[in-house]
Every structure is written in C-alpha cells, then in structure tokens.
Amino acid sequence: MGDGGPVEHGYPHLETVRAAVTALYRRLSRDTIETFSVSVAPADVAFRDTDDLHLGAQRVAREIVRHFRLPDARLIVGFREMTHAANVEPAAGPEYFVELNDRFRAHRAGIGAALAHEVAHVYLHRLGLAFPTTAENEILTDTATTYLGAGWLLLDAYREDAVASRKLGYLTPEEFGYVLAKRALLFGEDPSPWFTSRQACTAYAQGRDRARRDGRQPPLAAAGWAVRRRYARDRRHAWDGPPAAPYAFAADPAGRLRVSFPCPVCHQRVGVPVRGRVRARCGLCRTVLECDT
C-alpha cells in the first residue's frame, strides 16, 4: 500500500501482465473464465463508516470468497501495524488468517480491495498457479483479481493529487485499467460507473486505449493504415531477420511463409499462412480472428 509517496505510472509490467492472462486461460480454460462474467457488485462490498469494523470486514470477505467460488474457505480478518497493505498465508485451509494494515481502520473504503487481492492469493494457491519470483507472483495475483472481476476495487482505491497519493496493488493504475479493459472487451461490462475516484476513471480510460490497440495490430484485419504499411515492409524483408514488432515470420516445412502473432484476447501466439485474408481461431481462448496477412 502506497500512502503519500510517488505512484509509478505507465506500463512497466505489461509483458508479465500479458503472460498472467495467458496463464489464466491455460489453467482455467475459456469456459471457466466465462463463469466470472459478472464482477463483484459495489453494493455487496460497500463499507459504511457506521459499520462495525470487524463484522464489516468479515462480511466483505465472505462476499469476495463467494465471488471466487471458494465456499469451503473461511477468512478470519484482523488488523495490525505492518508495512504492506495485507497478508495471508495460503495454506491448505479451510481457515485463512488475513491481516490488514491498521491504516484501514481510517480508510475503510479500501478494505474490499485489499481483501480481493488476498482472496485471489488463496484462489491461485488452490489452483497451483504461480510465477517464479515473488514480484511476478504479485503481478499475477493483481492480474487475476482484476480479470476475474474483483480488481476494479483495487483501481478505485487509487487517489493522487499535488499533496498526497494512495494506491493498492502492484500494477500501475494504467495497467489496472488495461486489464479491466481486456475484461470489458470480453464480457461487454463497463466498470466506469463504479469508480468513486476521478483518477481511477482517467487510468481506466488510458488502459482501455492501450487494450484496444492490441486488437489493431497486424496481421489483424482491424489494423490501421500506418502499421499496415510497416507490416508490408517487414513482410517484404521477412528473410532478413526478425522485425521489431509483435509479429514474426517463419517458413513452414514446405518453405511457404507464415506469420505468428499474439492473440489480442489471451496473448497466446497464433500462426497463420501469409496468403491474404485468413480467418484463424486461437487454440487457447477460441477467439476467431480476422487477419489480412
């Protein structure tokens, strides 16, 4: 939990975020991900100043456990002085002890966001899904929390002005916006009305622009004129070396040219022959892609 210090911006973790989305599809499948098509509702995790601190935290924890379909998981929430926003030991269960930073006593609106991240830790632990390093694993957890419908809370906890700042999570605000936009493009769900933070709205809009660009990269047919020109040039020089672009050219066993590129939904690489208009289906997320190779 950042509180008062500078907030990192931009997309420094974007490749790890994309790898995390791919890992979710590989571990869960498209069918399971579609069971998370409805996000955590604001009313279900609302925390009023008049609510009892511990009873309210337990209520919100139960809602997030329910969202992640962990009916046999019981969270016991406590508060103490600590450096991080929260902590959970993802043991075998069924009881999990979640510790929240004492600062949440005064910033109760962020309790749902912190609990969403910690419950996602438990969920991923039960799936056996993890990345090699602690930093990568935290990015995986933020990405999973957001892509599966609870991470809008993390972005909404972000506040920043000339005097002070506050944010939760390991992704930048724009990266949270990017993952939320990926989810919105998949399910047609607009999280904008749920934000209470003006800065969160701005970060979401910026992340949405970046997410939309994924669907407008060659050889996808929706690519714009400028990037299409670059793609045509790279295709002419396909044998000179790999292009400085997301796509790559290679020869098939018969010597015919093929191009591979990341799926704009799950980022698994898709390969198609270079022969004009081609329709491809991603083997991982089953998205049908219109290509102009």
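This note sets out points on the predicted model shown above, from its helices to its loops and one of its pockets.

1. **Basis of the model.** The structure is a predicted model, in which local features need pLDDT of at least 70 and side-chain atom pairs count only at pLDDT 80 or more, while totals for chains, interfaces and linings use all residues. Residues are numbered from 1 along each chain as its sequence is written, and side-chain values use heavy atoms, with hydrogens and water left out.

2. **Helix 3.** Helices (H or I, at least four residues) and strands (E, at least two) are DSSP runs, numbered from the N terminus. Helix 3 covers residues 53-67, and its 15 residues should span 21 Å at 1.5 Å a residue; the expected span is 1.5 Å times one less than the number of residues. Its end C-alpha atoms are 21 Å apart, which agrees. At the start of helix 3, a side-chain oxygen of D52 comes within 3.1 Å of the backbone nitrogen of H54. This is a polar contact, that is, a pair of N or O atoms within 3.5 Å; within protein, one must be able to donate a hydrogen and the other to accept it, and residues adjacent in sequence count only if both atoms are side-chain atoms. After helix 3 comes R69, whose phi is positive, near 60°.

3. **The buried side of helix 3.** Buried means under 20% relative accessible area, exposed over 50%, and partly exposed in between (1.4 Å probe, protein chains only). The buried residues of helix 3 include L53, G56, V60, I64 and H67. They pack against strand 2 (74-80) and helix 4 (111-127), where contact means heavy atoms within 4.5 Å.

4. **E118 in helix 4.** E118 belongs to helix 4 and counts as buried because its relative accessibility is 6%. Not counting residues up to four places away in sequence, E118 touches A86, N87, V88 and V98. Its side chain reaches the backbone nitrogen of V88 at 3.3 Å.

5. **Helix 7.** Helix 7 (residues 173-187) has 15 residues and reaches 21 Å from its first C-alpha to its last, close to the 21 Å expected. Of its 15 residues, 12 are buried, so helix 7 is largely enclosed by the rest of the structure. Its buried residues pack against helix 1, helix 5 (134-147), helix 6 (152-156), strand 6 (165-167) and helix 8. Helix 7 is followed by G188, with a positive phi near 70°.

6. A211 lies in helix 8 and is buried, with a relative accessible area of 3%. Leaving out residues up to four places away in sequence, A211 touches Y178, A181, K182 and L185; Y178, A181 and K182 are among the buried residues of helix 7. Q199 is also found in helix 8 and is buried, at a relative accessible area of 16%. A polar atom of the Q199 side chain lies 2.7 Å from the backbone oxygen of E160. Beyond its neighbours within four places in sequence, Q199 is in contact with Y158, R159 and E160.

7. **Backbone geometry in the loops.** Most residues other than glycine have a negative phi, and most peptide bonds are trans. S29, in the loop between helix 1 and helix 2 (30-34), has a positive phi near 85° and is partly exposed at 29% relative accessibility. R286 lies in the loop between strand 10 (277-281) and strand 11 (288-292); it has a positive phi of about 70° and is partly exposed, with a relative accessible area of 38%. A cis peptide bond with omega of about 5° joins P218 and P219, and P219 sits in the loop between helix 8 and helix 9 (225-236).

8. **The second largest pocket.** On a 1 Å grid over the protein atoms alone, a pocket is an open set of points where a 1.4 Å probe fits, with protein on both sides within 12 Å along at least five of seven lines; lining residues have an atom within 4 Å of a point. The second largest pocket is lined by 17 residues, of which E15, R18, D214, P246 and P262 lie nearest its centre. Helix 1 (14-28), helix 8 (198-214) and strand 8 (257-262) each supply at least two lining residues, and helix 1 gives the most, with 4 residues.
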